[in-house]
Every structure is written in structure tokens, then in C-alpha cells.
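Biologist: Hi! Could you walk me through this structure?
Modeller: Happy to, let me put it up.

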Amino acid sequence: MNTATTAAVSTRLAAGTAEGPQAGAALRVTQRRVLLSEWTKFRSLRSTVYTLLTAAALMIGLGALFSAITAGPAGGFEPGTTATSTSLTGTFFAQLAVGVLGVLLISGEYSTGMIRSSLTVVPRRLPMLWAKLAVFAVVIFLSALVAAFASFLLGQAMLSGQHLDVALSDPGALRAVVGAALYLTVAGMTAMALGGLLRNTAAAVTTFVAVFFVIPPLTNLLPTTLTSHFVQYLPSNAGAMMLDGSYGVVNPLSPWTGFAAMCAFAAILIGLAAWRLDRADA
Amino acid sequence: MIEVENLSKHYGDKLAVDTVDFTVQPGIVTGFLGPNGAGKSTTMRMIAGLDKPSSGRILVNGRDYRSAPAPMAELGVLLEARSVHTGRSARNHLLALAQTNGIGRRRVAEVIDIVGLAEVAGRRVGGFSLGMGQRLGVAAALLGNPATVVLDEPVNGLDPEGVLWMRTMLKSLAADGHTVFVSSHLMSEMAQTASRLIVIGRGRLIADTTVDEFVANASSSAVTVRTSEPAQLRDLLLGPDSTVSSANPGTLLIHGRTAEEIGTVAWRAHLPIFELTVQHASLEEAFMKMTHDSVEYRSTDNADSVAVAA
């Protein structure tokens, strides 16, 4: 039986050789191939799909809820909001799900040990990070864009009862809808960078939620003379300027300047994550 | 081929690997032996480019692995059993790894067959037994049909049939001209699989030798004799270089004399002998002796590394 086994294994390994790999001038790591691999990783985990659906539900559902309240008896627009921004309020809740997903896509590799497999087959390492960011950014942007349009249309339909609604062709409306998708994309990439930098799910999620969700409202407790100098640069406040509201920020940045500030914050964290990935032991 | 030159690795104050030099040649299975905590896994992680050496360097097939254009054709690695995301199916796990180097689905199906996971390839890895996890790790290592294969404790968690399968596979890889480097803390396993041995203890290279030489050098030969006159024979054999002990009445265990010498002495004294057996020291014993010595040379600490090996 022993020799029979030997013969069988031998033949099959040899068959593998004939197939090509060793002859494999074709074998080579390219950025495009790593992108394909990261796409396979992304789509083959059930949790990613569930988290995306959760994000979409939060975005559309809460947008509709806030629109309904605004159009209700005790309604009216909150200070610093508009019909467009009200219908897109869900963005700030969807970012929690998007952020958690961004963190998990990297920290999950560290917690399961997958990272060792991933980096062994791509020992230059950085192509894996770029591919992860790119796949995640494209998926989030496209799904968020669909959810943002749905939120806008549903929200405006609810506001139309009180004739508070605007059309997509109105000034700033289309930018705000696309801006909501961009906001979620950059927020997600920031979270992903935090996951890569901290390599720990709990630490990265906590940091993300603190920076994007908890700290900005807390700054309202500080005197305006102090906060007016910096709150507009907090990444969530800066990015939110794309959504056609000022949200009570005293010195609001213009939409695209705000978005650029948010991108800069993400870029710094991505740079740090890349530095740690490249230099540190895996 | 793997060339390790002056390799050291610190983790903070702790020196995990201490100026180690060795070469692993293609065409044979080379065992990497040492007690737990000796630095085997650290060395293997450095070979795979996961940990950076504090000093020294490693060449895989003549170059720095981290700059290899086609890494999966150069090196296949099985590190810990679970270097796998538990939420993914075995097939998707392998596919994701394969795609980075441009390896197709056909080869993925092929390695799944080779390691015998075809029936469970669609199941999530989280539900896999330790043995199935090891097989999956081997499948990943074989994907690119790499010139060099590095496996850390591959028989861990395998059932007897799996152990046999693993040995057969390692030998056939070596026979095909691959470089095969396999770690184990089980000396008996290495004796059946490897032909060369790299032995380390406490991060230092202890031996770079063949399995046969290793046993011969490290063991003191012992001979068992069964006789009706144990007391007389013992008196004749005792000397400055030899020791005689007795475990059972009528049986002597002699160190320091060859079977030829013992037989001749007994014949001259007209003592009857019923059995004369040379005891070959097992690899296990040779290893214990060798690592024990290495601990004694560095006797500032307690001898825990040997205790762990047992």
C-alpha cells in the first residue's frame, strides 16, 4: 500500500509540473492580479455582504426617518440643514457599518492569521494594501451611490407633503448625493487604514467611531471661540460639507475644500499603515 | 535551495535566533530539529519574508525572497496550521492566494485533489479539523509548484494515515528535485522522513549533518548481553572506559565496549552467552543528549529547553 501511495502522489505532483507552474514564466505578481485576489477575498466572506446591506439599510432608512420627522407636525429643518442634507442624514449612521467593514477587512486577516498567507504570496506586501483599498473603495462607492440616490428620492418624496422638497436638478443636490457616496468611501478607507495600522479590530473600530461619531458632537460643549478654529477640520465635519449642510459648524469649509481635508486625513493614515506594513514583522 | 547566513533575530531583549548559518540543498528532505522555543518557527518566518532578520541574510533559490517576481514559483510555505480566514471556503482561500501570482482555477482544483480535500473544498475553513487545516496549508504551499517548500511541523494533528501521506509527499517532492525543509520537535518523525538534519537549540546551530551521522556522533554505543554468569562477566568487562549495569537478572547493559570485545572476553573466560545485541541509540536519545549538552555549555539558565523537548 505504501508504494502504491508513493506512486500515486508522485504522478499527481508531476502532473502539476506538466501543467505549467514550474515552467511558469507566466507566474508573476502584478497589481492587477492582486486586485483580482482581493476581490475574491471580499466576495467570499458572508459578513461583507451583510455589513454592506446593513450600511444601505441605515442610510436609506434613517434618511427617510429624518425626512418624515422634518415633514411632520413638529418638523422643520434643523439649523444648518437643508432638504437635500436631511434626506442624506443616514450617511452618518451608515458610516459606522462601512467603518467596521473597512477595519475588519484588514484586522480580520491579523486575527485569523490569514495575513501570513497573504504576505507570503505577495512578499512585497504593499500591492496587497493598495488592492484592498481599491476593491473596498470601488465597492463602497458604487453601493453608496445607489443608496444615496435612493435616500434622496425617498426623502424628497416624504418632504414633498409639506412642499419642502427639492429636485435633483436644483443647485448642489446632485453634488450632495455623489458627495455622500464619496464621504462614505473615504470614511471607509480611513477605517481600513486604521485597521492596518493598529492590527486589532477593537482598537481600530473604537478609534474610528471616536473620531467620526463621538468627538465631533462633543466639541459642541466647548466654547465656540475655541472650537471655531479647528472643528471644521475634523474629518467627519470636513467631509460632511459635501452634503449641502453646515451642521452647525461655525466656520464651515466649502464642500470640495472640506472633502479635500477629509481625503488628506485618510491619506496620512494610509501612509502610516503602508509604512507599518512594509517595515514591521507580520 | 535555502542559504542562511549569519542569521540573528532579536525580539526586544530576547535573542530568538543567534548567528545561525546553514544551507538547505535541493533533492533531499532536510529536517529542522529543535525543542519548542528553539527558534525554528522564527527562522522559517524569516525565510518566508514575514519577519525581518536583525542581522544576516537569507537567500531562497539564490535571491532575497521579498524581491522575487514570482514568489509562488520560488517558495511554498506552511507556517502555523491556521493562517487562514475561518469564514472562507477552502476553495476560495486557495483561489485568492493563487490569483495573486496568476495561477488558475485548474491548478487550485488540482492541489485540492492532491491533498485529498475535494469533498470539503466548498465548506468554510472554520469547521475544519486540525488535520484538514494542515492539508489545506500544504495545498496552499504546493499551488505554485515551488522550487522550495518550507513546512513548519506539518505532521501536527495528522492521523496515522495522514502522517504516512505527508512523509510520502515530502519524499516525492524531494525526488522531483524540490528543496524540502521540514521542522519538527519529534526526532522519530525526522528519522523516517529526512536525510539531512539542521539542529538548533536556544537559537543556536547545534548540528548540520546527516541523520546517520547525527545518531552515530551523539550516541554512546551500548550492548546488551544475556548470560548465566552475569557477576563474573561484569567483573571482566569493568574498566576505566566502560560501565556495566543490569536491569534484569541475567542481563547486562554495557557501555564503552564493542560487541566483538565482549564476545571475545566471554569466550576466553568460558562464560556462556545466550544473547549479544548492539543497542542503536534512537534519534530521540541522540537529540536529547545533544541539546542537553548545548544547555550545559550555557549553564547560566535552568535546563528548561530540554524538559520542553521531552
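Modeller: We can go through the chains and the places where elements touch, keeping in mind that this is a predicted model.

Biologist: Great. What is the secondary structure of chain A?
Modeller: Chain A comes to twelve helices and zero strands. Along the sequence its pattern reads α-α-α-α-α-α-α-α-α-α-α-α.

Biologist: And what box do its C-alpha atoms fill?
Modeller: Taken along the principal axes, the box for chain A is roughly 85 × 40 × 30 Å.

Biologist: How much of chain A is buried?
Modeller: Buried residues are 50% of the 282 residues in chain A. As for contacts in chain A with a separation of 6 or more, 78% of them join residues 24 or more positions apart.

Biologist: Let's pick a helix pair. How do H8 and H9 of chain A cross?
Modeller: Helix H8 (residues 173-198) of chain A and helix H9 (residues 201-218) of chain A have axes that come within 8 Å and cross at roughly 140°. H8(A) and H9(A) are therefore oblique to each other. The crossing of H8(A) past H9(A) is right-handed.

Biologist: Which residues make that contact?
Modeller: From H8(A) you have A:Ala187, A:Ala191, A:Leu194, A:Gly195 and A:Leu198, and from H9(A) come A:Ala203, A:Ala204, A:Thr207, A:Phe208 and A:Phe212. By class, the contact of H8(A) with H9(A) has eight nonpolar residues, two polar and no charged.

Biologist: Switching topic: how many residues does each chain put into the contact between A and B?
Modeller: Chain A supplies 42 residues and chain B supplies 47 residues. On the chain A side, the elements giving two or more residues are helix H1 (2-19), helix H2 (31-43), helix H3 (46-70), helix H5 (91-112) and helix H6 (114-121).

Biologist: Which one gives the most?
Modeller: That would be H1(A), with ten residues.

Biologist: And what is that side of chain A like by class?
Modeller: The side of chain A that touches chain B has 16 nonpolar, 16 polar and ten charged residues.

Biologist: Now chain B. What order do the strands take in its six-stranded sheet?
Modeller: The order is E5-E6-E7-E3-E8-E9 (chain B), in an open sheet with mixed pairing. Strand E5 (75-78) and strand E9 (204-210) of chain B are at the edges with a single partner strand each, so one side of each has no neighbour in the sheet. On average, neighbouring strands of this sheet are turned by 15° against each other, direction ignored.

Biologist: How do E3 and E7 of chain B run, parallel or antiparallel?
Modeller: Strand E3 (residues 29-33) of chain B and strand E7 (residues 179-184) of chain B run parallel, joined by five bridges. Opposite B:Val180 in E7(B) stands B:Val29.

Biologist: Which helices pack on the sheet?
Modeller: Helix H1 (residues 40-47) of chain B is one of them, touching E3, strand E6 (148-152), E7 and strand E8 (196-201) of chain B, and its direction makes about 150° with that of E6(B). Helix H5 (residues 130-142) of chain B also packs there, touching E5 and E6 of chain B, with its direction at about 170° to that of E5(B).

Biologist: One last thing: where does B:Ser8 lie?
Modeller: B:Ser8 lies in strand E1 (residues 2-11) of chain B. B:Ser8 is partly exposed, with 17 other C-beta atoms within 10 Å. Leaving aside residues up to four places away in sequence, B:Ser8 touches B:Leu15, B:Val17, B:Asp18, B:Thr19, B:Pro53, B:Ser54, B:Ser55 and B:Gly56.

Terms used:
Residues numbered from 1 in each chain as written. Chains lettered and ligands numbered in written order. Predicted model: local features only at pLDDT ≥ 70, side-chain atom pairs only at ≥ 80, totals over all residues. Axes fitted to C-alpha atoms, helices over the stretch in contact; angles between N-to-C directions. Helix = DSSP H or I, 4+ residues; strand = E, 2+ residues; numbered from the N terminus. Parallel < 35°, antiparallel > 145°, perpendicular 65-115°, else oblique. Left-handed = near helix turned anticlockwise from the far one by under 90°. Contact = placed C-beta atoms within 7 Å. Nonpolar A, V, L, I, M, F, W, Y, C, P; charged D, E, K, R; others polar. Buried ≥ 20, exposed ≤ 12 C-beta atoms within 10 Å, placed from the backbone. Pairing = 2+ DSSP bridges.
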